[in-house]
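Colleague: Could you walk me through this model the way you would read it yourself? I'd like the general idea behind each feature and then the case at hand.

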Amino acid sequence: MDGLTISNSNSLLESGSTLKEMRDARLKVPSSPHPSVADTSSPKTFADTLKDVVNSVNDAQKLADKKAQQLATGQNRDIADVMITSEKADIGLKLMVSVRNKIIEAYQEIMKMQV
């Protein structure tokens, strides 16, 4: 499935690569050293994926706060690094809020259905 999803948004934020680059990297590198051997690990649940995304956004916010505090106290003089970290945290938060809104919207649509 192409496009931005919850599972690849974290990778996108951490690596800074585009969706096309991530897709090309997946196509070039096999998922296991022996493609004939099936992966026996259980897939992540939707709740686990959401929890991981919330934790990563929280970590990004904490890092941005820490770097801003270091800049304010004079421990860090790299303004560009502080701004990039802050923007990454902001984009991650906006993405998470957008996904939350879509989930709530889908839930409300399901609740409106008559059975």
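**Reading the model**

Modeller: Start with the elements: the protein has 4 helices and 0 strands. Helices (H or I, at least four residues) and strands (E, at least two) are DSSP runs, numbered from the N terminus. Here the order from that end is α-α-α-α. This is a predicted model, where local features need pLDDT of at least 70 and side-chain atom pairs count only at pLDDT 80 or more, while totals for chains, interfaces and linings use all residues. Residues are numbered from 1 along each chain as its sequence is written, and side-chain values use heavy atoms, with hydrogens and water left out.

Colleague: Where is confidence lowest, and where is it highest?

Modeller: pLDDT is the predictor's confidence in each residue, from 0 to 100. Where it is low, the predicted coordinates should not be read in detail. The mean for this protein is 81, with 67% of its residues at 70 or more. Helix α1 (residues 6–15) has the lowest confidence, with a mean of 64, and helix α4 (residues 79–112) the highest, at 95.

Colleague: What percentage of the residues count as buried?

Modeller: Buried means under 20% relative accessible area, exposed over 50%, and partly exposed in between (1.4 Å probe, protein chains only). Of the 115 residues, 14% are buried. In α3, the buried residues are T49, V53, S56, V57, A64 and K67.

Colleague: How many salt bridges does the structure hold?

Modeller: A salt bridge is a side-chain nitrogen of Lys or Arg within 4 Å of a carboxyl oxygen of Asp or Glu. The structure holds 4 of them. One of these joins K67 and D81, 2.7 Å from N to O. That pair links distant parts of the chain, with K67 in helix α3 (residues 46–73) and D81 in helix α4, 14 residues apart.

Colleague: What separates K94 from D90 along helix α4?

Modeller: About one helical turn, because K94 and D90 are 4 residues apart in α4. Their side chains meet in a salt bridge at 3.3 Å, N to O. K94 is exposed, with 54% relative accessibility, and D90 is partly exposed, with 27%.

Colleague: And which residue does K112 pair with?

Modeller: K112 forms a salt bridge with E109, with the closest N and O atoms 3.8 Å apart. These two are 3 residues apart in α4, so about one helical turn separates K112 from E109. K112 counts as exposed at 61%, while E109 is partly exposed at 45%.

Colleague: Which residues form the nonpolar patch on the surface?

Modeller: Patches are made of residues with over 30% relative accessible area and no salt bridge; like charges are joined within 9 Å, nonpolar side chains (Val, Leu, Ile, Met, Phe, Trp, Tyr) within 5 Å. Here Y107, I110, M111 and M113 form one, with about 490 Å² of accessible area together. I110 sits in helix α4 and is exposed, at 51% relative accessible area.

Terms used: Accessible areas come from the Shrake-Rupley method with a 1.4 Å probe; for residues, only the protein chains shown count as cover.
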